[in-house]
Amino acid sequence: MSKTTNPANHLTPNAGGLSVKVMGVGDAGCRAVDLLAGEALPGVEFLALNSDLRGLQEIGNARRVEVGRDFLRGLSAGGDPDLGRASVEADQDRLAPFFADTDLVMLIGGLGGGIGSGAMPVLARQAREVGALVLSFVSLPFDLEGQQRSQRADLARNQLLVASDAVISLPNQTFLEIVDEKTRLPETFEIINRAVLQGVRGIWQMIEKAGLINVSFQDLRSVVQSKHARSSFAVAEAEGENRAREVVESLLAHPLLTGENQLEEADALLVNIVGGDSLSISEVDRIMERLRRHVGEVRIVVGASTNPAMEDKVELTLIASWHRKARSVSLQIDAPRMEEFTFPVPIEGSEIETSFFKRANEITTSTSRYVAPPPDSEDRRTDRFFAQSQPSLNQQRRIKKQLKQGMLKLDAVSRGRFEKSAPTIHNGEDLDVPTFVRRGVALN
Amino acid sequence: MFANREIVTGLDIGTSQITAIIAEVGASNLPHLLGIGQAKSRGVRKGEVVDSDLTTEDVRLALTEAEQMADEEIRSVYLGVSGGHVRGFINTGTHPVVSSDRDITEDDVRDVVRNAKAVNLPNDHHVIHVVRQHFSVDGQTGIQNPIGLLGAKIDVDLHVVHGQANRLQNSIRVVKNLRVDVEDVVFTGLASVLAVLNSQQKELGTLVLDFGGGTLEYAVCCHGLVKHSGVLPVGGDHISNDLAYGLKVPLGRAEQLKINHGSALGGDHFRGQTVKVPDRITLPDKTINREHLGRIMSLRVSEALKLVEAELLEAGCLDLVRSGVVVTGGGARIRDILGLAEHVFGVPASVGGATNVNGPKSVLEQPEFAVGIGLAKFGVFELLKQRDRQTHQRGFRRTLKHLLKIG
């Protein structure tokens, strides 16, 4: 931590003075990072980490890092996250120099497999321990890859949420809505990798390039650090006269901003606007004005820059975060902590009044366990409710198709002796579950 | 028959054992232990009664044993309460001094305390204790007795311990079932402070950790006052449960492994060591890796201590813990727990036995009895307070009673 607070670190001649590392983990991550490394992003170091030597040999642009040689002997982890985790834990000393003196680490990987699911949380933790800001870009498996794989991915994503500052997830399934029927498999993956590329490039542009409106690394840090946010991102592009309006509309229609990721419930937004030389500040203002209508009272960080290569086009990149104060967690707490909302009854004198307000302010900014009701968007919700309750004929058909047999959820971790007592929820963790299980400590 | 001695009884309904301690006021007004009874507790989980019938049975056993040893009959007890619902927090009261000469009177002190007692709790919560902290007069802190000082405004902090009324009632009900009265309920975290700390430790800033079977009570004492206290519903049961789950052994076996081979400090120095446990199902003995045992256990214990540390940090009490940590309760028997506590809190740690109590040494030194002894001590102090009051009021009250009888 002390490293990053030291201003001298930001004074190195390297663009912006930041040291950014992009690390692809596992097969999917390596391929994405290989594609990224082909781009010109000065000041960014690309690493491809895998246990599979054959997969690693295909990587041409990024620096290759092999892990787990001792017991995987250059083979893949075969979809076993435990092996994936063990392979990086064994090589932790060797990996430490990669994270040393790094300000921002972006981990890229696919969840659901062995290395991606197992290794990414370990790497994220390791990078955060040396003071880097860790953003993880993960792709979640297609539905067709089976329940087991998607459950494994969910588990890994939850671990990653705890381990890294923000997790930006790209469910592969949503890309099926973007690509058309005829798109072939390699092209589909290519599109997914391009999406990751856009995200990484968007963040990099935001913090590295001087533009109309600058976003510094500190802005990014303040938005994401230690928030353990679930994030998603969307990119939209438009050109022509009405580009300001069109770009926002196509962004809002983006499939990644649907389902659990409702834009109006987001806690923080990072917006980057890149346009040709013709991009004016009033246009940026119009875009933001339109976007603001669709979000609640949230923190928005805006960056805008120009790039002559864009000509008449304008590109809008948006990263929305939902902080990890999930409502479900706050509901599980049986008795809310008293300090947080019991105040002395104001009697005489103004002194007590001020302390009351000071206290109240602290609550809204602290990571309190008492969660205020979500920002009001009643009209919108009613609209949505009516839209859902009266599905058109077409929608009805689709809903019918989606009905499928659910899977019986088997509780993997038994609570043993505490089976019949109320769970002990502390900061969103069930303390009755063995610590070593919650921490993911392997007993080999 | 029994009237020649005035006795008090402390009853601690713990998760792993129930302890009843009978004491009387002994030499130089110190409690003198007369009888000790204990029974294995079967109906308590995480410090709260979950099976009322079983617990009633167990409490009866413990009380009878103590009665036999002391040769006294227990009519009422001071009952220890705990559980995850019990919480402590600081509430502040303030009061402007209205008299023209700015002289602080007894009325002012009573008003400021009353203001501080106006706490806003949910309906179903009951205040167990209110511990008054030092006064501050016009911003000058640390005043023990403000009466007679001059000032415009006095403030006082109260440390309020409260819990859910229904859950508190459960254990009271158990005692009432046995036709025994409950004089008062006492938070076990404060009872252990009373038992194990000497006045010097209370003055310098000490953290008392009562590591019980189902709960971990903590209390910080500084400047002679309890500054903060609370409960973490994690205890020895959790360790056993973790071991049973992680080492795949029955709970009873896990309990034994914890006692005989456990350690609160990592598994590294056990690397390569194994323990054989007899197993009736698979005939060859089952081999347990001590490294795993140590690791599972140390993760759990250090997590619990770190949660306490975080809690104290949040309450702003961590820097008050300067003189040391005193570990008591059954958890004090965990090997290396003192080392771990020293590591987490950065101050010397020791095992707490009862102080300033007369009685058999073998009982006083055992950390398991600290809460029971603390409860009995609380009772003795209450008794002394009552006597004090009586001697002051006797004259007046007699007259009053006499008058009323006539009227």
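**A strand residue, then the helices and cores**

Author: Start with Gly109(A), which sits in strand β4 (residues 104-110) of chain A. Helices (H or I, at least four residues) and strands (E, at least two) are DSSP runs, numbered from the N terminus. This is a predicted model: local features need pLDDT of at least 70, side-chain atom pairs count only at pLDDT 80 or more, and totals for chains, interfaces and linings use all residues. Residues are numbered from 1 along each chain as its sequence is written, with chains lettered from A and ligands numbered from 1 in the order in which they are written.

Reader: Is Gly109(A) buried or exposed?

Author: Gly109(A) counts as buried because it has 32 C-beta neighbours inside 10 Å. The scale: buried is 20 or more other C-beta atoms within 10 Å, exposed is 12 or fewer, partly exposed is in between, with C-beta atoms placed from the backbone.

Reader: What does Gly109(A) touch?

Author: Leaving out residues up to four places away in sequence, its contacts include Gly24(A), Val25(A), Met120(A) and Val138(A). Contact means C-beta atoms, placed from the backbone, within 7 Å.

Reader: Switching to helices. Which residues of α5(A) are buried?

Author: Pro81(A), Leu83(A), Gly84(A), Arg85(A), Ala86(A), Ser87(A) and Val88(A). That is seven of the 10 residues of α5 (residues 81-90) of chain A, so the helix is largely enclosed by the rest of the structure.

Reader: What covers them?

Author: The cover includes α4 (69-72), α6 (92-99), α7 and α8 of chain A.

Reader: At what angle do α7 and α8 of chain A cross?

Author: Roughly 5°, for α7 (residues 115-129) and α8 (residues 147-163), and their axes come within 9 Å. Axes are lines fitted to C-alpha atoms, for helices over the stretch in contact, and angles run from 0 to 180 degrees between N-to-C directions. That makes α7(A) roughly parallel to α8(A), a label for angles under 35 degrees.

Reader: Who meets whom there?

Author: On the α7(A) side, Met120(A) and Ala124(A) are among them; α8(A) brings residues including Ala156(A) and Leu160(A).

Reader: Now chain B. How many helices and strands?

Author: Chain B has 11 helices and 18 strands. Of its 407 residues, 49% count as buried.

Reader: Which residues have the most contacts inside the largest nonpolar core?

Author: Ile21(B), Val208(B) and Leu209(B), in a core of 109 residues. A nonpolar core is a set of buried Ala, Val, Leu, Ile, Met, Phe, Trp, Tyr and Cys residues joined through C-beta atoms within 7 Å. Helix α8 (residues 290-314) of chain B gives the largest share, nine residues.

Terms used. Angles under 35 degrees count as roughly parallel, over 145 as roughly antiparallel, 65 to 115 as roughly perpendicular and the rest as oblique. Two residues are in contact if their C-beta atoms, placed from the backbone, lie within 7 Å.
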